[in-house]
Amino acid sequence: MTPFTVLSGSAVLLEQANIDTDQIIPARFLRRPRSDGYNNFLFHDLRGADADFPLSATGNTEILVAGENFGCGSSREGAVYALADAGVRCVIAPSFGDIFGSNASGNGLLTVVLAADAWSAVRDAVAGGAEITVDLRRQHVRAANTEYRFEIDPFRKQRLLRGVDDIALTLESADDIDNFEANIPSMRAWSIPG
Amino acid sequence: MAQPLTLLDKIWNAHVIVARDDGTHLLWIDRHLVHDGSFHAFGILHRDGRAMRRPDLTFGVADHYVPSHARTLPIEDPDAARLVAHLGENAQRHGFDVMGMHDPRQGIVHVVGPEQGLTLPGVTLVCGDSHTATHGAFGALAFGIGATEAAHVLATQTLWQRKPRQMRIIIDGRLGPHVSAKDAILAVIARIGAAGGAGHAIEYAGTAVQSMSMEARMTLCNMTIEAGSRTGMVAPDDTTFAWLRGRPRAPRATQWETAVDAWRSLRSDPDAFFDQEVWMDADAIAPTVTWGTSPDTGLPITGHVPNPDDAPDRATADRIAAQIAYMGLEPNQALDGIKVDRIFIGSCTNGRIDDLRAAAAVLRGRKAAIPGRVVAGSTPVKRQAEREGLDRVFTAAGLVWGEPGCSSCTGMNGDVVPPGERCAATSNRNFVGRQGPGSRTHLMSPAMAAAAAVSGTLHDVRRLVT
């Protein structure tokens, strides 16, 4: 996973609320191996129906500014693969689907939640063609010479900054896991499948 | 005095292995369910050369890609056939129990888990599917995860999680005739919105919930994700214990009594804190259908398609107009009477025996005016329905009786709704293209889908069956 620190550039706007993961990648493509390049399936049906769809499959932006509840619905991680394979590294929205947020951080994709006022200001800047900067370490988005702070789960931030694999990090707690596991038969024997 | 705890608090606390100062906890996972769509997670595990920690706590079932046509035929789509085969290969390689396409226990993962007694009160249960909240009906902490998290569970039997905020939805009173848990959850989602539960765990409570069957509670919890929340739960009670007793993998003999004793403490303490509470009146809930392309567009069947001109702001007006255009409707159009092309009864939301009985009660002695498919949620449900003669009610009405699986809910298995066609469905998502490119989905209960079959339109089941 590539560590995430600071990202600057132009952004693409996708303002519609409740863009679900079925839109981001229709279910019929989820059977394909990752090696196919999931960017080819990114917003497949929406792009097909709209020649002016702002996000291309070939990676025309690293930053996406999206509407509220982005990535709601199905837990399919293919939605994150499609964005990541198209080169998107950060999505800024007023809110995200909970599972999408978890899936994103597991793939080095930063989800930035901005309060409504800040989000509107960033959207206006992007709509006006301005470049923006996302600084994860300092937790702000800079647009039109103004900095907008965002909150992020410290653990998620640390993992994104370091680009570390979760499993490797978890295995640092191997003794704790072993101890917990060893106590289950005495604590909750009924939880072991009969 | 000890601090009052919620149901979630109690299960959570019992599973914390490591508590970091920043509020992230490493949780032990008691059950991991995998399916034929879980190949990305195994791909990550194999890519990194890792082993599975607890294959004995992992259970596989083929559901997303299995066709609903006769099982004597091979799967037509080579990709789907490969994924179903792949699940069996992974089970063999790692040594976990798998319920493949021909297994008598096979079905949709969220029907099979409870049926086999794998889903129990007080356990943590995860699955690479957003409708995993279904299992919360038993008082389990159950939530959907992506492939990276699933790989993490395969390798470590743990997950890093932040404790969600907590919301309690209290539904008091009694649901009216032909009004079901599906109508209740559609009404809940319409009330709080598609993101209303985001960042929260939801506990469903109240007298209407207490009097629900386990099947109804599963329907209720199933669509929690459609309100933006990963996990929904109901405190276990005698209804729960009676349903689970004697299930194949449930605790046995003296272990059962110990388990029930432990489970009885799994309820929110009287003064436990919830970040939000919502009250609903069960008596006021009507048979509900969605009109748009988001599950929060449910309205009573007696209602009308909204008019963008009545919207409070421009963004809302645009959103309503776009949905009306996609769905091929008119503003202010009465919902009752909208012409429907086909129906689908099934899915992890409404593929259980109660659901099939409710649909059959409407269809018995009647003919369907439009084509449709009825798909049991599992092979045991299918067998039970056949013992009760429900399959003959459906086929006599002119509907197709399919083989268990996700079928038309996702359209991943050949059961697609053609472009522009309107489907009355008991599934959980009406998203643009969900049932196939250009498909138009109206979500509703099994009784209402049956009424749509008979009338060929969206129709108030209470006017058809008195």
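Predicted model: local features only at pLDDT ≥ 70, side-chain atom pairs only at ≥ 80, totals over all residues.
## Helix packing and a chain contact

Residues are numbered from 1 along each chain as its sequence is written, and chains are lettered from A and ligands numbered from 1 in the order in which they are written.

**Exercise 1.** Describe how H13(B) and H15(B) pack.

*Step 1.* Find helix H13 (residues 353-363) and helix H15 (residues 390-397) of chain B; helices are DSSP runs of H or I with at least four residues, numbered from the N terminus.

*Step 2.* Their axes, lines fitted to C-alpha atoms over the stretch in contact, lie 9 Å apart at an angle of about 45°.

*Step 3.* Now look at who touches whom (C-beta atoms, placed from the backbone, within 7 Å): H13(B) brings B:Leu356, B:Arg357, B:Ala360 and B:Leu363, while H15(B) brings B:Leu390, B:Val393, B:Phe394 and B:Ala397.

*Step 4.* Sort them: seven are nonpolar (Ala, Val, Leu, Ile, Met, Phe, Trp, Tyr, Cys, Pro), one is charged (Asp, Glu, Lys, Arg) and none is polar (the others, Gly among them).

**Exercise 2.** How many residues does each chain give to the contact of A with B?

*Step 1.* Chain A gives 42 residues and chain B gives 59.

*Step 2.* On the side of chain A, H4(A) gives the most, with four residues.

*Step 3.* That side divides into 14 nonpolar, 16 polar and twelve charged residues.

Terms used:
Contact = placed C-beta atoms within 7 Å. Helix = DSSP H or I, 4+ residues; strand = E, 2+ residues; numbered from the N terminus. Axes fitted to C-alpha atoms, helices over the stretch in contact; angles between N-to-C directions.
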